[in-house]
Amino acid sequence: MSAKPIATTRSATGVQTAKLAVWWLLASEIVIFGGLLAAYLMHRMAHPEWANYAVHTNTLAGAVNTIVLLTSSLTAVLAHHAAEEGNGPKAAKLLYATVGGACMFLVIKSLEWSNEIAHGYTITANTFWSFYYTAAGIHGAHVIVGALIMLWVASTARKNEELHRVENVGLYWHFVDLVWIFLFPLLYIAK
Amino acid sequence: MSADNAAAHDDDHGHGAHHPVEYYYKTYAALVVLFLVSVIGPYIGEVTGLWWLTLITAFGIAFVKAGLVIRNFMHLTVEKSFVHYFLITALAFMALFFFAVSPDVMNHEGTNWKNLAAEAEIERALAEHAAGGGHHGDHGDGHGAEGDHAAPEGDHAAPEGEHH
């Protein structure tokens with residue numbers, strides 16, 4: 001790059017602008033997912049009959065996906081570590097591994113959903129299933145977007161360019177993991 | 001926990017704290033152990049009927065896991081306090097939403113109002129479940145609960161298990 005943007009830091013905050021933008025994005029995500037999960041929680045507590053619907057969620061699929069996301073968070077933070085050491089190619093490899101985790105998550109999710117839809121548990125079956133597909137669906141959309149951004153970041157990191165992006169996309173990915181940490185007990189464990 | 005000690009040791013390195021790779025592996029191992037507890041705990045809680053065990057292991061541990069990810073993977077502790085302020089503000093708005101709306105959702109009656117649709121839906125769904133019964137509710141229930149299918153207005157429309 002010949003021209004560097006001038007506003008790479010903000011003197012008032014002392015945080016690199018790109019990273020600050022990611023934190024702001026995550027703050028807005030807290031309100032999106034937080035609002036959705038809070039709404040689910042209050043309905044769940046007010047409707048004892050939902051327990052009879054929740055028994056049909058696939059705990060094994062949810063559990064395997066939890067491990068997949070935790071592992072992908074590890075590779076994301078290891079990519080950040082490699083980027084800090086200035087090792088762009090290694091960071092890119094670890095980001096590709098993280099994308100692999102994202103793909104595995106999505107494959108498991110689609111198998112799980114196909115099975116549920118085949119049994120008649122669709123998004124319109126009742127409000128429990130509406131919440132189930134909405135919450136996991138918005139989360140899944142974040143997984144897809146995260147994977148695409150990581151592919152792009154890896155393509156530059158591979159050439160040892162813009163290595164700060166590795167940490168920034170990592171922050172986003174850890175947040176996607178965080179949301180799942182709460183979705184898992186809410187949708188799969190509380191029966 | 002060793003991962004925690006490592007964090008305490010490295011926190012004072014300031015912005016962009018650089019941890020050895022082992023630090024991340026230890027954090028990951030702690031997360032996996034906590035995950036196993038969060039699956040096994042509620043199972044034991046269900047078998048023994050200890051509801052508080054389910055609550056602590058399922059939801060209490062989710063917060064511990066979240067704390068580990070935020071601190072050890074996202075390095076929020078070494079981030080500028082300004083970032084903490086707006087993240088906390090977002091959480092506060094979420095709490096405001098919950099506490100402002102939940103009284104209307106979680107109560108089905110109050111002063112001069114009654115949520116008839118919600119009460120009718122609970123009654124209908126529980127009766128349908130009792131008639132069809134069991135964990136395999138979709139394999140033949142629904143047929144046994146005819147007459148209850150006049151779904152109440154509101155957000156709880158199609159009865160589950162009507163179609164296969």
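The structure is a predicted model, in which local features need pLDDT of at least 70 and side-chain atom pairs count only at pLDDT 80 or more, while totals for chains, interfaces and linings use all residues. Residues are numbered from 1 along each chain as its sequence is written, and chains are lettered from A and ligands numbered from 1 in the order in which they are written.

**Chain B**

- Chain B has five helices and two strands, where helices (H or I, at least four residues) and strands (E, at least two) are DSSP runs numbered from the N terminus.
- Along the sequence, these elements of chain B follow the pattern α-α-α-α-β-β-α.
- Of the 164 residues in chain B, 23% are buried, a residue being buried if 20 or more other C-beta atoms lie within 10 Å of its own, exposed if 12 or fewer and partly exposed in between, with C-beta atoms placed from the backbone.
- Among contacts in chain B between residues at least 6 apart in sequence, 40% join residues at least 24 apart, and two residues are in contact if their C-beta atoms, placed from the backbone, lie within 7 Å.

**The side of chain B that touches chain A**

- In all, 47 residues of chain B are in contact with 45 residues of chain A.
- On the chain B side, helix H2 (21-48), H3, H4 and helix H5 (116-132) each supply at least two residues, and H4(B) gives the most, with 14 residues.
- The residues on this side of chain B divide into 32 nonpolar, 10 polar and five charged, where Ala, Val, Leu, Ile, Met, Phe, Trp, Tyr, Cys and Pro count as nonpolar, Asp, Glu, Lys and Arg as charged, and the others, Gly among them, as polar.

**Helix pairs between the chains**

- Helix H1 (residues 17-46) of chain A packs against helix H4 (residues 81-106) of chain B at an angle of about 20 degrees, with their axes 9 Å apart; axes are lines fitted to C-alpha atoms, for helices over the stretch in contact, and angles run from 0 to 180 degrees between N-to-C directions.
- H1(A) and H4(B) are therefore roughly parallel to each other, since angles under 35 degrees count as roughly parallel, over 145 as roughly antiparallel, 65 to 115 as roughly perpendicular and the rest as oblique.
- The residues of the contact of H1(A) with H4(B) divide into 20 nonpolar, four polar and no charged.
- The axes of helix H6 (residues 164-189) of chain A and helix H3 (residues 51-73) of chain B come within 10 Å and cross at roughly 175 degrees, which makes H6(A) roughly antiparallel to H3(B).
- Among the residues that meet there are A:Leu178, A:Ile181 and A:Phe182 in H6(A), and B:Phe59, B:Ala62 and B:Val69 in H3(B).
- The contact of H6(A) with H3(B) is made up of 11 nonpolar, one polar and two charged residues.

**Inside chain A**

- Helix H4 (residues 88-118) of chain A has 31 residues, and its buried residues include A:Leu94, A:Leu95, A:Phe105 and A:Trp113.
- What covers the buried residues of H4(A) includes helix H3 (59-84), helix H5 (127-157) and H6 of chain A.
- Just after H4(A), A:Gly120 takes a positive phi of about 90 degrees.
- A:Asn65 lies in helix H3 of chain A and is buried, with 25 other C-beta atoms within 10 Å.
- Not counting residues up to four places away in sequence, A:Asn65 touches A:Phe105, A:Ile108 and A:Lys109.
- The C-alpha atoms of A:Asn65 and A:Phe184 are separated by 9.0 Å, although these residues are 119 residues apart along the chain.

Notes
Expected span 1.5 Å × (residues − 1).
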